[in-house]
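The entries below keep the order in which I went through them.

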Amino acid sequence: MLYATATDENKKTVYSRERIYMPQCGNSLGQVMVLGPDKKLGIIRDTTFQPWATKREVFDIQLNKPARRLKLNLRLVYRLRPGDEIPVHDWTRTVDVAGLFPQAAH
């Protein structure tokens with residue numbers, strides 16, 4: 001699982017997303033993912049991380065109001081089952097975004 005969050009200078013969360021990386025299996029009756037091992041007949045798509053392969057992700061953060069800076073956090077965990085996660089990587093950066101908004105006309 002990859003958790004992506006952005007908070008503004010007032011510590012208000014302005015963006016929050018989760019992405020799941022795993023082989024997604026189906027029962028060949030449609031595109032719906034199935035979970036039981038007795039139901040899995042084929043892989044619909046595989047979003048797992050491959051060893052030594054670069055994986056690039058893009059997050060579009062749309063702000064409702066101007067901000068001066070954002071604190072970005074990406075947290076990658078290995079989820080054994082809901083509520084049982086092993087931390088893999090935690091990345092945090094503060095980014096100045098004040099110049100991205102046009103100045104209001106006076």
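**Ground rules.** I am working on a predicted model, where local features need pLDDT of at least 70, side-chain atom pairs count only at pLDDT 80 or more, and totals for chains, interfaces and linings use all residues. I number residues from 1 along each chain as its sequence is written, and side-chain values use heavy atoms, with hydrogens and water left out.

**Salt bridges.** How many salt bridges does a search of the whole structure find? I get three. I count a salt bridge when a side-chain nitrogen of Lys or Arg is within 4 Å of a carboxyl oxygen of Asp or Glu.

**Entry on Arg 19 and Glu 57.** I looked up this pair and found its closest N and O atoms 2.4 Å apart. I take strands (E, at least two residues) as DSSP runs, numbered from the N terminus. Next I checked accessibility, using buried for under 20% relative accessible area, exposed for over 50% and partly exposed in between (1.4 Å probe, protein chains only). Glu 57 is partly exposed at 30%. Arg 19 is also partly exposed, at 24%.

**Entry on Glu 85.** Which residues pair with Glu 85? I noted Arg 75, with the closest N and O atoms 4.0 Å apart. Glu 85 sits in strand β6 (residues 84-96) and Arg 75 in strand β5, so this pair links parts ten residues apart in sequence. I then noted Arg 79, where the closest N and O atoms are 3.2 Å apart. Shared partners join Arg 75, Arg 79 and Glu 85 into one network of salt bridges. I looked up accessibility for each member. Glu 85 is partly exposed at 28%. Arg 75 is partly exposed at 31%. Arg 79 is partly exposed at 33%.

**Entry on Thr 7.** I found Thr 7 in strand β1 (residues 2-7). Is Thr 7 buried or exposed? I read a relative accessible area of 18%, so Thr 7 is buried. I then listed its contacts (heavy atoms within 4.5 Å). Leaving out residues up to four places away in sequence, Thr 7 touches Lys 12, Thr 13, Val 14, Arg 69, Leu 70 and Lys 71.

Key:
Helices (H or I, at least four residues) and strands (E, at least two) are DSSP runs, numbered from the N terminus.
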